[in-house]
Amino acid sequence: LRQSIHAALTDKMQLPSAAATEAKVLHEDFSAKYPLAILVAEDNLVNQKFIDYVLRKLGYGIVIANNGNEVLDKLSQGSFDLILMDVQMPEMDGLEATKAIRHQYGPMPYIVALTANAMTEDRNNCLSAGMDDYMSKPMKLDVIKTVLKRAFYKIHHLQMDV
């Protein structure tokens, strides 16, 4: 509709389509520029599918854990640079899992809280538990990319200091 109206009012110039705009936002070269091994801790299937879709479009392959216990199991089996950690999960929530990770693994991996609770107190609780960053749900594409970039640079900086 937008293109039709625009074409009728102008010299038939084409506006970029929504697909072309999405292609610019979601581009697989992103992961080549900011390589990260990512573990996603999320119990909600819809959120899992959304995160998987976005990260795959950015060029990442991910591993998914449904709760904090699974996160600890996955960490014992392999190495991850970044964990996108839902705060409210069954069995072991994200705050408990983060405390266990920090106790066992130290400052790595980089942990980003994912939560629908967007109050300052919630953010502070996440950071106090040992998380490195915070994203509120619903997640926005530009915020996801910013958080991934920030994680990459902080991880790279930490590895350079060691």
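Helix α4, which covers residues 45-57, lies across β1, β2, β3 and β4 (110-115) and runs at about 170° to β2. Contact here means heavy atoms within 4.5 Å, and axes are lines fitted to C-alpha atoms, for helices over the stretch in contact, with angles from 0 to 180 degrees between N-to-C directions. Helices (H or I, at least four residues) and strands (E, at least two) are DSSP runs, numbered from the N terminus.

Before I go on, please keep in mind that this is a predicted model, in which local features need pLDDT of at least 70 and side-chain atom pairs count only at pLDDT 80 or more, while totals for chains, interfaces and linings use all residues. Residues are numbered from 1 along each chain as its sequence is written, and side-chain values use heavy atoms, with hydrogens and water left out.

Let me turn to the whole chain. The protein chain has eight helices and five strands, and from the N terminus on its elements run α-α-α-β-α-β-α-β-α-β-α-β-α. Of its 162 residues, 37% count as buried, where buried means under 20% relative accessible area, exposed over 50%, and partly exposed in between, with a 1.4 Å probe and protein chains only.

In what order do the five strands of the open sheet stand? The order is β2-β1-β3-β4-β5, with parallel pairing, and two strands pair if DSSP finds at least two bridges between them. The edge strands are β2 (62-65) and β5 (133-136), each of which pairs on one side only. Neighbouring strands of this sheet are turned against each other by 20° on average, direction ignored. Within the sheet, strand β1 (residues 38-41) is joined by four bridges to the parallel strand β3 (residues 82-86), and L39 stands opposite I83 in β3.

In α5, the residues G68, V71, L72 and L75 are buried. They sit on the same side of α5, because they cover an arc of only 95° around the axis, the arc being that of the directions from the helix axis to the C-beta atoms. As a general point, an α-helix has 3.6 residues a turn, so residues three or four places apart point the same way. The buried residues of α5 pack against β1, β2, β3 and α6, whereas the face turned away from the buried side carries the exposed residues S76 and Q77.

R102 has its place in helix α6 (residues 94-105); R102 counts as buried because its relative accessible area is 17%. Its side chain makes a polar contact of 2.6 Å with the side chain of D132, a polar contact being a pair of N or O atoms within 3.5 Å, where within protein one must be able to donate a hydrogen and the other to accept it, and residues adjacent in sequence count only if both atoms are side-chain atoms.

K137 lies in the loop between β5 and α8 (141-161) and is likewise buried, with a relative accessible area of 19%. Which side chains does K137 join through polar contacts? Its side chain meets that of E42 at 2.8 Å and that of D86 at 3.0 Å.
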